[in-house]
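Keep the sequence and the 3D view side by side while you read.

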Amino acid sequence: MTRNVHHTRAADLLAAGKLPTLATLLDNFRDDESVTYPAAGSFCGFVIATCGLEAFRRVYVAPDP
């Protein structure tokens with residue numbers, strides 16, 4: 001299985017101590033998009049891979065995920 005770029009970038013951010021928390025992604029997504037976009041992409045990919053696309057769709061539109 002090929003590792004996706006967003007997971008690799010998120011792992012790099014984690015190793016550097018710069019991976020934003022989920023609260024930061026939900027509350028301050030636009031603060032530093034060079035950090036938040038790969039973190040969000042990795043998180044979304046994880047949810048889809050582990051819980052399925054339908055579960056992701058339900059959470060994505062929820063007012064308070």
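Take the contacts in the chain between residues at least 6 apart in sequence: 37% of them join residues at least 24 apart. Keep in mind that you're looking at a predicted model.

**Overall layout**
- Count the elements and you'll get 4 helices and 0 strands in the chain.
- Starting from the N terminus, the order reads α-α-α-α.
- Along the principal axes, the C-alpha atoms fill a box of roughly 35 × 30 × 15 Å.

**Inside and outside**
- The chain has 65 residues, and 20% of them are buried.

**A nonpolar patch to find**
- Look on the surface for Leu22, Leu26, Phe43 and Phe46, which form a nonpolar patch.
- Together, these four residues have about 400 Å² of accessible area.
- Helix H2 (22–27) and helix H3 (33–51) are the elements that give two or more residues to the nonpolar patch.

**Zooming in on one patch member**
- Leucine 26 sits in helix H2.
- Is leucine 26 buried or exposed? Its relative accessible area is 52%, and exposed means over 50%, so leucine 26 counts as exposed.

**Charges**
- The chain carries 6 positive and 7 negative charges.

Conventions: Residues are numbered from 1 along each chain as its sequence is written. This is a predicted model: local features need pLDDT of at least 70, side-chain atom pairs count only at pLDDT 80 or more; totals for chains, interfaces and linings use all residues. Side-chain values use heavy atoms; hydrogens and water are left out. Patches are made of residues with over 30% relative accessible area and no salt bridge: like charges are joined within 9 Å, nonpolar side chains (Val, Leu, Ile, Met, Phe, Trp, Tyr) within 5 Å. Accessible areas come from the Shrake-Rupley method with a 1.4 Å probe; for residues, only the protein chains shown count as cover. A salt bridge is a side-chain nitrogen of Lys or Arg within 4 Å of a carboxyl oxygen of Asp or Glu. Buried means under 20% relative accessible area, exposed over 50%, partly exposed in between (1.4 Å probe, protein chains only). Contact means heavy atoms within 4.5 Å. Lys and Arg count as positive and Asp and Glu as negative; His and the chain ends are not counted. The place of a charge is taken as NZ of Lys, CZ of Arg, CG of Asp or CD of Glu.
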